[in-house]
Amino acid sequence: MVSQTDLYTLAGALLFVIGLYGIITRPHLLHKILALNISSAGVFFVLVGIARRVPGPTPDPLPHAMVLTGIVVTVSSTAFALALAKRIYTDTGVAVLDASDIEAEERTGG
Amino acid sequence: MGDWVTQQLPALLILVPFTAAPFAYLLGAGYDRQTALLSAALTQPLAAFLALTVVQEGPVRYAIGGWGGPLGIELAADGFSATMVLVTSVVGLLVTVYGLRYFGDLERYRFFWPLWLFLWGSLNALFLSADIFNLYVCLELVSMSAVALVGLTLRREALVAAMRYMLAAILGSLFYLLGVALFYGAFGSVDMATLRETVRPDVAGQAGLALMTAGLVLKTALFPLHFWLPPAHSNAASPVSAVLSALVVKGSFFILVRLWIDVAQPEAFPGASVVLGVLGSSAIVWGSVQALRQERLKMLVAYSTVAQIGYLFLLFPLASGGGQAASDAWVGGIFHAVSHALAKSAMFLAAGIVLARFGHDRLEGLGGLSRRAPVTAMAFGLAGVTMMGLPPSGGFIAKWQLIKASIGSGQWWWAVVVVAGGLLAAAYMFRVVGPFFAREAEDLDDSDLDPGPSPVTMDGAALALALGALVLGVAGQPLIDLIMVGAPALVAGVTP
Amino acid sequence: MSWEGAALLMAVVAPFATAVGIFALGEARERARSAVNLIGAAVTVVAVLACATAAWSAEPGRHAAVGIDLLDIGFGLKADMLGALFAVVAGVLWLITTVYATGYMSHASDRARFFGFFSICVGSAIGIALSKNLLTFFVFYETLTLATYPLVVHSGTPAALRGGRTYLMYALPAGGALAAGVVWLNLLAGPVEFAAGGSLDPALAASHPTALVVIFALLMLGLGVKAALFPVHGWLPAAMVAPAPVSSLLHAVAVVKAGVFGIARVVLEVYGPLGPELGVTQLLAALAGFTIIFGSVRALAQDDLKKRLAFSTVAQLSYITLGVALASPIAIAGGLAHLAHHAAMKITMFFTAGAVAEEVKAYRVSEFDGLGRRMPLTMAAFSLAALGIVGVPPVAGFASKWLLGVGAVDAGTWWVIAVLGVSSVLNAAYFFPIIHRAWFREPKAEWAGGPPTGQPEGDLRMVVPLVVTSLLGLAMGLMAGADLSPASWASAVAGWGLPW
Amino acid sequence: MVSWLPTWVALAAALVPLAVAGGCALPRVRDAARRLVPLAALPALAAAVLVPEGSAAIGWLVTGVTVQVDDTGRAFLALSAMIWTAAALYAAARPVERPARFAGWFSLAMAGNLALCCVSDPAGFYTFFAMMALSTYALVVHEGPSRRDAGRAYIVFTVAGEALLVCGLFVAGAAAAGIAPGTTLAVAGTVLVLLAFGIKIGALGMHGWMPLAYRATPPAAAAALAGSMSTAGVLGLLRFLPGGDPAAAVLSPAVMALGLAAAFYGAIVGVTQTQPRVVLAYSSISQFGFVTVALGVGLAEPGVWLIAVSAATVYGVHHGLAKAALFLGEDVAARSRRRPAALAALGLPAFALAGAPLTSGAVAKIVLKEATAVAPGVWNDALETLLPVAAVGTTLLMARFLYLVATREAAGSQEPAGGRDLPAAAAWGLLLAAVAGALWLWPAEEVAYAAGKSLTAHYVWLAAWPVVLGTAIAAVAWAARGLSGRFVGVVPPGDVYAPVLGWAARLTAVRDERPYAVPKAAAVPVASSSTGGPTQLDGAGAIENGLLAWATAISAVAALTVLLLLLASRV
């Protein structure tokens with residue numbers, strides 16, 4: 001019998017994996033950063049689901065606190081990553097990590 | 001007063017750098033260096049004091065603002081924590097001293113000081129955290145400041161390296177956080193002391209540990225996940241490289257050790273510890289082989305870090321059986337972390353001087369270094385002694401313990417790896433040291449760029465770190481005593 | 001701390017302190033540096049002599065010792081007779097070499113670096129000599145390995161760097177093997193102390209025979225490189241590109257003898273009777289015997305004098321190993337006596353090679369025609385030392401060869417006698433041609449008139465030390481039977497009263 | 001005899017020439033020291049006469065030296081002192097190149113030779129033996145056209161001899177230290193001692209150096225070499241052969257056979273030679289063959305060793321004096337304006353060597369015969385028959401020698417005349433007197449007995465017939481010189497050893513090896529790399545680049561996670 005928590009956990013895991021796939025395959029830095037955010041969302045999903053672990057109507061507040069902290073961290077690190085990506089784009093003309101990504105980037109028309 | 005300070009020590013160790021960081025930023029040019037120096041000069045004795053307290057009175061626990069778990073933040077310091085805080089403070093102080101003249105009052109390096117203080121504070125927080133979620137936050141803080149420091153020079157290679165580092169770091173944190181979530185879901189706590197009692201090797205426990213381990217392994221740059229480290233460490237400014245190689249990678253390793261040795265019992269996860277050992281061994285070999293192939297000094301030193309990280313992971317299979325061997329492995333692994341921190345920072349600091357003197361760090365162009373910068377060359381060479389694991393040095397004691405643990409636990413093959421790694425280290429070290437004595441290459445470099453003899457503080461910092469690594473080899477007993485204070489049950493079986 | 005303890009510490013610390021002083025004074029302050037160097041060397045000599053006195057006056061098995069403990073590793077020094085022998089040799093010859101090097105290096109660059117590392121090497125060698133257990137020994141041994149490198153590559157030429165690389169390619173893996181052996185042995189048998197008659201529990205031979213054999217092989221591999229045992233001798237000739245004082249003191253005395261000294265410690269004071277029981281010392285003796293012949297044959301055709309001397313060293317070092325590996329106290333005495341004897345003789349020859357190279361720029365045997373007229377004292381000292389190596393009495397080499405030969409009879413190993421005989425012939429074959437050229441060939445035109453009028457034949461800072469060491473070699477042999485001579489001392493170490 | 005003279009004084013007296021040698025090495029005093037050389041052996045001569053029998057250990061010296069004065073040692077010491085004194089006097093009268101240097105080496109060899117007569121322990125004997133043998137090298141190569149070949153031959157054999165000797169003496173030394181070597185080792189040690197001293201006395205198979213060295217060495221040194229230093233080999237054999245040890249008896253036949261063969265071989269090869277000194281060398285080979293026979297007899301049985309010792313001593317002294325006199329005489333004759341007189345005087349040692357009646361040779365042969373008479377079994381008869389035949393050969397050799405000396409100028413010799421003839425002749429005269437008188441004045445009982453016996457008719461006949469026969473054959477050969485001349489010069493001096501010596505020379509020749517400073521390859525061009533990695537991509541580099549690629553790396557993270565999960569699920 002699949003509980004609500006398990007459902008959330010599975011959905012979160014799915015999101016995490018989707019994000020991971022994007023991080024691996026998308027050459028453009030912006031895509032990678034966005035994919036990271038999708039993965040983060042997956043993790044938060046799991047955390048939110050876990051809040052239901054305690055019996056009774058009131059969920060456990062601690063996972064919520066964690067999610068909030070996590071969102072703060074993710075927002076700030078995303079901002080930093082974006083700034084860095086922009087700087088790289090300004091300096092190099094492309095926003096990729098590996099030289100081999102340049103071709104891939106051109107192919108996908110990022 | 002003394003008592004109060006003793007109680008507040010863990011908090012002070014975090015607060016002092018965190019407070020100094022914004023001041024360094026706000027005060028700006030002219031005062032940022034002084035602020036950093038003041039902070040370092042305060043933090044270092046505090047760390048030493050903490051170590052002393054831990055040795056004398058046992059592990060310390062501290063709830064910030066009097067708020068304990070689960071919602072409040074608790075700090076804890078056992079021997080392991082205190083050791084890491086202490087080595088951070090030593091390296092930190094000397095890097096700070098080195099940086100005073102290295103960065104000078106160059107405008108574009110002014111962000112070094114606040115970022116560095118921030119990093120220092122984060123590291124202390126990480127080492128003193130008592131719960132695994134707090135560790136996540138600290139990991140992120142450490143990563144962000146480290147990434148920013150890598151990009152400090154704004155050189156193109158540095159920026160790309162920083163980006164790569166950043167993505168890897170965030171991803172690693174996410175893996176870790178997912179694991180934390182699973183742990184919390186399964187065991188209802190993030191406090192490590194509680195988890196120690198409740199953690200079970202069921203599906204959630206296994207999965208959580210697997211995810212956390214993967215994320216941390218990525219952040220520690222264990223082979224084959226070392227892809228971000230060489231570019232980041234070699235392209236950063238040298239004091240930054242020193243801190244990254246010496247301390248930052250040890251942060252995630254610290255959590256791994258906490259999780260595996262302290263919280264979860266490795267015998268509950270038998271295959272995994274062997275996997276970590278195999279990866280560690282591969283790192284030793286592969287990192288050394290790559291170091292041998294490098295043509296630039298800092299790349300070589302960075303790959304040396306890849307290799308040296310491998311030794312740390314031998315701790316897991318070696319300690320998994322408990323008993324005397326586990327105890328030996330515990331001391332060996334942590335001793336290695338400490339001596340590597342000292343020696344590697346010495347090497348990067350020396351490399352920084354080399355870069356400044358020659359305008360480049362291509363190995364074949366470093367001829368005559370021992371004449372032009374004898375102290376620098378000596379610092380590098382002495383640090384190399386530890387890297388090779390030759391006596392008398394901390395590296396020797398560490399390897400000694402690891403070999404002892406391998407043979408003592410009947411897993412002699414790790415000993416072979418340790419010895420082979422020492423030989424490989426010797427091979428790449430002498431690729432560097434050999435040319436120092438060369439004569440014919442002197443004409444090659446452009447002496448117009450040579451800024452002249454390096455300041456005493458820079459040479460002195462590098463030399464002091466290298467000597468520190470050596471001193472550990474003969475006078476390391478106090479450190480060993482410290483490491484064993486409050487050691488996890490698995491490894492505390494018999495005091496070596 | 002007792003005076004013995006203070007002497008022990010001083011003997012090891014003084015050279016290292018000298019090194020620190022030299023590094024601190026730097027390149028420019030030459031006079032102060034030389035003064036520090038000489039004073040350091042003199043203090044070291046006093047200290048090692050004090051150690052020797054302590055060893056001499058100690059009751060058997062009760063040596064003065066100092067040490068510190070780290071983990072289960074006790075680092076420590078002790079003053080026993082075997083150690084004192086090597087320490088005194090290294091210390092005294094260091095003092096002499098310092099004088100020589102001051103002359104030899106007077107036009108060289110990087111002298112602070114040179115003398116600094118030189119002091120470290122000597123300190124390590126003395127540390128090796130006075131180590132009380134295998135671990136302390138190992139620590140100093142590896143320090144010596146590293147500190148030698150800058151000296152080998154000192155000139156900084158590509159050839160020097162190549163020589164240095166070769167050196168490391170041998171020395172570092174050897175260090176690894178040694179480390180593995182030391183650790184393994186410590187795990188198997190607990191802390192391995194040096195004790196006359198062997199410190200291993202005889203029961204181990206029954207319980208762990210294979211492990212003990214493998215450990216022995218590892219230790220010998222580690223020590224054999226410095227002892228230049230075949231087939232790991234190749235670094236020594238390559239390292240001859242180092243400056244003459246290095247070749248003289250380090251590659252004829254301190255470094256290479258550290259290897260054979262280690263072998264002696266392991267064979268005599270660790271394995272003891274277990275060695276013959278396990279059959280390993282017999283193998284070692286055979287290997288040493290082969291090395292003697294091999295080194296001598298290789299020395300034959302070398303035109304480069306230092307290379308010829310290096311191969312000679314390869315062969316001569318194995319005399320010591322051979323003696324130690326034979327199951328006879330007389331042979332052991334011979335081997336250990338050779339430690340001192342060969343030191344005095346070979347250092348003289350390397351001094352000569354350096355002095356000749358500096359004075360008349362002759363590096364090759366084929367350039368030595370008539371050199372005896374140009375540098376009579378120098379070549380006389382060389383000839384005396386060469387005769388000693390060949391084993392011509394009364395120079396020192398004879399005494400050790402004699403003990404070895406009689407010991408071989410004692411041990412019933414006829415082949416050792418054959419090796420000694422063939423080796424004597426070969427030694428003569430590679431040294432006598434040099435003597436012949438120097439004294440019996442027509443000199444070059446510019447040498448025929450002897451030394452430049454009104455001047456000494458060379459820098460006296462070089463000539464005097466080499467004459468002194470050659471006379472030392474002569475005295476050691478001429479008075480080998482006297483109390484306190486190296487031969488008598490070695491006999492006492494071997495536990496064998498001399499019959500004379 | 002003066003009983004209060006301590007024994008070690010003999011050694012001290014014997015080492016007086018060492019001080020002279022030292023003086024010759026010092027530039028300031030070398031000319032004064034050179035003049036003292038003729039006096040240097042006199043203390044030893046005095047010691048030989050005055051120092052009472054006894055032995056003393058000097059523990060501190062080398063590996064402990066035992067000084068021993070006994071009848072054997074005394075005889076050899078006296079012999080050596082006489083020959084060296086005469087040789088030194090002769091050398092002082094003749095010009096040599098670089099006289100101080102010659103005097104120095106001469107004195108050093110003298111010191112070694114005299115001192116070895118005073119010690120009896122293996123190491124001590126070896127010490128002085130080596131001192132003598134090696135410093136003689138300098139004398140051999142001192143001057144003259146053939147010195148290089150001579151020097152090479154001499155040093156090769158000497159070094160081999162020293163090595164063999166030291167190995168043999170190890171066994172003796174062990175025995176002296178109270179260690180009983182096994183039988184095999186003991187016999188091996190004896191063989192080594194035999195071979196080593198065999199080289200010194202030119203025993204058959206070990207004689208290759210002798211003709212070359214005797215030819216090249218300056219006359220005075222050659223006299224000392226042939227008369228005294230070679231004879232020291234006999235003393236060595238007497239001291240260190242384990243006479244009386246039953247284990248060594250097995251060697252007896254071989255030694256006797258070797259000695260006999262040498263006696264004939266020396267004679268046969270010697271007569272074909274064209275240079276007087278080479279003839280003398282082959283004569284020495286032949287004569288030491290007689291001594292070898294005596295020693296072989298002595299080894300056979302414990303009881304007869306002392307007889308053999310006595311025979312070898314007497315024969316050694318007789319031969320040494322005669323041979324030294326022949327060498328000096330050869331030079332005197334070559335330089336003398338009155339050659340016939342010199343030739344006549346040369347007849348004395350020549351006849352003595354041949355064993356003519358009334359000469360020391362006749363006495364020595366009787367002593368020798370006493371020894372061979374106790375040879376075991378068939379050897380007794382063989383020796384009785386063959387030794388007189390060998391004596392015929394000796395006569396032939398002497399005849400050949402005298403012939404060559406007499407006809408030397410005709411052969412185109414260009415020896416430089418010079419020096420002071422009278423002192424030189426006086427020195428030679430002293431030696432001739434010793435040849436004439438030594439064995440008659442010898443205080444030992446058996447010698448006096450033999451001397452008396454040699455005057456009886458039977459022994460006069462026994463001594464005379466080989467000489468007469470030999471002279472007759474020589475005369476025939478001279479008459480038929482068309483035929484006999486074909487054999488002249490067919491065997492080169494040094495005979496079979498010429499190729500061996502060439503090989504030895506090649507062995508020690510320097511080979512020009514690659515010098516240190518040879519550039520290995522052009523420097524690798526400096527290339528800049530933006531990624532900082534190596535510019536040359538090899539296998540490891542390609543793999544690393546793959547690992548560094550982002551996609552691979554992150555996939556590896558995922559893979560690791562899966563792997564850890566899989567491992568976990570196993571539990």
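A salt bridge here is a side-chain nitrogen of Lys or Arg within 4 Å of a carboxyl oxygen of Asp or Glu. B:Asp78, B:Arg196, B:Arg258 and B:Asp262 are linked in a network of such bridges. Over all chains, the count comes to 27 salt bridges.

This is a predicted model: local features need pLDDT of at least 70, side-chain atom pairs count only at pLDDT 80 or more, and totals for chains, interfaces and linings use all residues. Residues are numbered from 1 along each chain as its sequence is written, chains are lettered from A and ligands numbered from 1 in the order in which they are written, and side-chain values use heavy atoms, with hydrogens and water left out.

**Salt bridge in chain B**

- B:Asp191 and B:Arg61 form a salt bridge, at 3.0 Å from N to O.
- The pair links distant parts of the chain, 130 residues apart: B:Asp191 is in the loop between α6 (156-187) and α7 (192-198), and B:Arg61 is in strand β1 (residues 60-63).
- Helices (H or I, at least four residues) and strands (E, at least two) are DSSP runs, numbered from the N terminus.
- B:Asp191 is buried, at 16% relative accessible area, whereas B:Arg61 is partly exposed, at 41%.
- Buried means under 20% relative accessible area, exposed over 50%, and partly exposed in between (1.4 Å probe, protein chains only).

**Salt bridges in chain D**

- D:Asp70 pairs with D:Arg239 in a salt bridge, the closest N and O atoms being 3.0 Å apart.
- D:Asp70 sits in the loop between β2 (65-69) and α5 (71-93), D:Arg239 in helix α11 (residues 219-240), 169 residues apart.
- D:Asp70 is buried at 13% relative accessible area, and D:Arg239 counts as buried at 18%.
- D:Arg277 and D:Glu330 also meet in a salt bridge, at 3.4 Å from N to O.
- D:Arg277 lies in helix α13 (residues 276-300) and D:Glu330 in helix α14 (residues 305-335), so the pair ties together parts 53 residues apart in sequence.
- Both D:Arg277 and D:Glu330 are buried.

**Chain B as a whole**

- Chain B has 19 helices and two strands.
- Its C-alpha atoms fill a box of roughly 65 × 55 × 40 Å along the principal axes.
- Buried residues make up 71% of the 496 residues in chain B.
- Among chain B contacts (heavy atoms within 4.5 Å) between residues at least 6 apart in sequence, 81% join residues at least 24 apart.
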